[in-house]
Amino acid sequence: MHWHIHPRRHGDTPAVGPVWQLGKDLTDKKYNPTSEELEMLKTKLKEELDKLLVGSR
């Protein structure tokens, strides 16, 4: 299985809608999280996945 996770927040893109409609804007570096934000997002995602996995056992 292969996933792409696009964390979303209000105003994160120039147009409202799915991120795949952005074309080249999707990979514009101005939308990338900082290193600190990325680490925080990874930690939160891992915590939530761990909760789901523990609950399924």
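Which residue forms a salt bridge with Lys 51? The partner is Glu 48, with the closest N and O atoms 3.0 Å apart. This is a predicted model, so to speak of local features pLDDT must be at least 70, side-chain atom pairs count only at pLDDT 80 or more, and totals for chains, interfaces and linings use all residues. Residues are numbered from 1 along each chain as its sequence is written, and side-chain values use heavy atoms, leaving out hydrogens and water.

**Salt bridges**
- A search of the whole structure finds three salt bridges (a side-chain nitrogen of Lys or Arg within 4 Å of a carboxyl oxygen of Asp or Glu).
- Glu 48 and Lys 51 are three residues apart in helix H1, about one turn of the helix (helices are DSSP runs of H or I with at least four residues, numbered from the N terminus).
- Lys 46 and Asp 50 meet at 2.8 Å, N to O, and these two sit four residues apart in helix H1.
- Glu 39 and Lys 42 pair up at 3.1 Å, N to O.

**Exposure**
- Lys 51 is exposed, with a relative accessible area of 54%, while Glu 48 is partly exposed at 43% (buried is under 20%, exposed over 50%, partly exposed in between, with a 1.4 Å probe and protein chains only).
- Lys 46 is exposed at 52%, whereas Asp 50 is partly exposed at 33%.

**Helix H1**
- Helix H1 covers residues 35-55, and Leu 45 has its place there.
- Leu 45 is partly exposed, with a relative accessible area of 38%.
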